[in-house]
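Here are my notes on the model, as numbered points. Please read them next to the sequence and the coordinates.

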Amino acid sequence: TLFQVIKCKAAVMWEANKPFSIEEVEVAPPKANEVRIKITATGICRSDDHVITGAMIMPFPIILGHEAAGVVESVGQGVTSVKPGDKVIPLFVPQCGECTTCLSTKGNMCSCNTLSSATGSMPDGTTRFTCKGKAVHHFLGTSTFTEYTVVHESAVAKIDSAAPLEKVCLIGCGFSTGYGAAVQTAKVEPGSTCAIFGLGGVGLSVVMGCKAAGASRIIAVDINSDKFAKAKELGATDCVNPKDFKKPIHEVLIEMTGQGVDYSFEVIGRTETMTAALACCQYNYGTSVIVGVPPAAQQISFDPMLLFTGRTWKGSVFGGWKSKDSVPKLVADYMKKKFVLEPLITHTLPFVKINEGFDLLRTGK
């Protein structure tokens with residue numbers, strides 16, 4: 001077939017700290033080993049907002065969005081894992097299958113990822129988006145705030161053709177990131193005690209993961225008490241608002257548990273809560289996992305004695321899942337009702353109301 005440029009609507013971010021601008025963009029055909037996708041549903045994630053505020057450094061203009069589902073429109077030469085008409089989820093952590101990380105059983109951060117490089121381009125260094133004659137950057141190799149996007153074949157997973165795209169789009173980031181942090185990165189055991197800092201979509205997914213792993217006590221921590229009812233519905237046994245206490249929150253959690261928690265999760269992206277999460281886990285065998293994207297150019301200082309006594313401090317990107325292998329399985333598990341996604345969806349808006357969606361995110365709604 002003769003590949004055509006597609007003209008469609010996209011939410012373009014021209015510069016930092018400005019609203020999205022709904023524009024007509026041109027989306028180039030996929031090159032070799034690339035896939036063009038019609039996006040049917042996309043979630044809004046705090047990491048997208050981090051780019052807008054400058055907490056995550058990316059080049060402008062850019063099309064943000066990285067949590068989505070859609071249908072393959074066309075494929076470039078050499079693509080074998082998907083074909084036009086397939087339902088797919090784009091992967092902001094790719095899986096090339098050939099780099100050291102992909103070949104190791106220990107990790108999932110494929111070296112083709114653009115999270116560490118922030119180039120804002122396709123692997124070949126160019127972009128597939130043009131608006132008003134200007135090249136527009138890609139975000140994390142996905143760029144889902146557009147009706148059509150182009151991704152590399154290593155950054156797309158084919159999923160069950162019966163899957164509801166407006167629900168399973170959450171498996172593209174929020175759900176998998178939180179759930180995996182508990183079951184995959186921390187490997188929470190039955191009977192253990194967990195604390196989760198931050199109860200947005202990802203934090204609630206950590207709660208679900210801890211519950212699925214059989215944790216006996218799941219302590220949910222947030223400064224917004226409106227989040228507590230849903231956390232309890234999904235498995236939290238205790239809810240704690242740090243604002244209700246005079247003393248530091250890690251001391252409160254240590255008192256609640258006697259020795260501190262077995263596992264703690266920081267799902268906000270703030271350095272203060274990262275150190276609090278480390279300090280609240282058991283001094284010898286506690287593990288603390290950083291799940292929230294840390295703000296750019298911020299340092300942490302902490303007492304090394306916290307680690308010397310034996311604690312483990314680790315990070316988790318995309319829940320530790322090898323993306324191309326795991327996303328189809330997670331979708332299959334959702335179809336078998338092994339977990340729910342519905343409680344994570346608070347609002348459904350038409351694409352043109354994306355700025356209202358971000359207002360809801362920023363006001364904690």
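1. UniProt positions are given in the numbering used here, feature names are shortened, and annotations may be inferred rather than shown by experiment. The UniProt annotation "domain: Enoyl reductase (ER)", from an unreviewed entry, covers residues 15-364. Over residues 15-364 the chain is 26% helix and 19% strand. The end C-alpha atoms of that stretch are 24 Å apart. Helices (H or I, at least four residues) and strands (E, at least two) are DSSP runs, numbered from the N terminus.

2. A word on the basis. This is a predicted model: local features need pLDDT of at least 70, side-chain atom pairs count only at pLDDT 80 or more, and totals for chains, interfaces and linings use all residues. Residues are numbered from 1 along each chain as its sequence is written, and side-chain values use heavy atoms, with hydrogens and water left out.

3. Six strands form an open sheet in the order 12-11-10-13-14-15, with parallel pairing. Two strands pair if DSSP finds at least two bridges between them. Strand 12 (238-240) and strand 15 (312-315) are the edges, each pairing on one side only. Neighbouring strands are turned by 15° against each other on average, direction ignored. Axes are lines fitted to C-alpha atoms, for helices over the stretch in contact, and angles run from 0 to 180 degrees between N-to-C directions.

4. Strand 13 (residues 263-266) and strand 14 (residues 287-290) run parallel and are joined by four bridges. Ser264 has Ser288 in strand 14 as its bridge partner. Helix 7 (residues 249-257) packs on the sheet and touches strand 10 (193-197), strand 11 (217-221) and strand 12. Contact means heavy atoms within 4.5 Å. The direction of helix 7 makes about 160° with that of strand 11. Helix 8 (residues 271-279) also packs on the sheet, touching strand 10, strand 13, strand 14 and strand 15. Its direction makes about 175° with that of strand 13.

5. Is Thr193 buried or exposed? Thr193 sits in strand 10. With a relative accessible area of 15%, Thr193 is buried. Buried means under 20% relative accessible area, exposed over 50%, partly exposed in between (1.4 Å probe, protein chains only). Not counting residues up to four places away in sequence, Thr193 touches Arg217, Ile219, Thr257, Val261, Asp262 and Tyr263.

6. Ala212 belongs to helix 5 (residues 201-212). Ala212 is exposed, at a relative accessible area of 53%. Its C-alpha atom is separated by 8.9 Å from that of Pro190, 22 residues apart along the chain.

7. Helix 1 (residues 46-53) and helix 11 (residues 354-362) pack at about 100°, with their axes 11 Å apart. That makes helix 1 roughly perpendicular to helix 11 (65 to 115 degrees; under 35 is roughly parallel, over 145 roughly antiparallel, the rest oblique). Arg46, Asp48, Asp49 and Ile52 in helix 1 meet Phe358, Leu361 and Arg362 in helix 11.

8. Backbone points to check. A cis peptide bond joins Phe60 and Pro61, with omega about -10°. Pro61 lies in the loop between helix 1 and strand 4 (68-75). Lys132 is not a glycine, yet has a positive phi of about 50°. Lys132 lies in the loop between strand 6 (129-131) and strand 7 (134-136) and is exposed at 63% relative accessibility. Lys337, not a glycine, has a positive phi of about 60°. Lys337 is in the loop between helix 10 (323-335) and helix 11, and is exposed at 73% relative accessibility.
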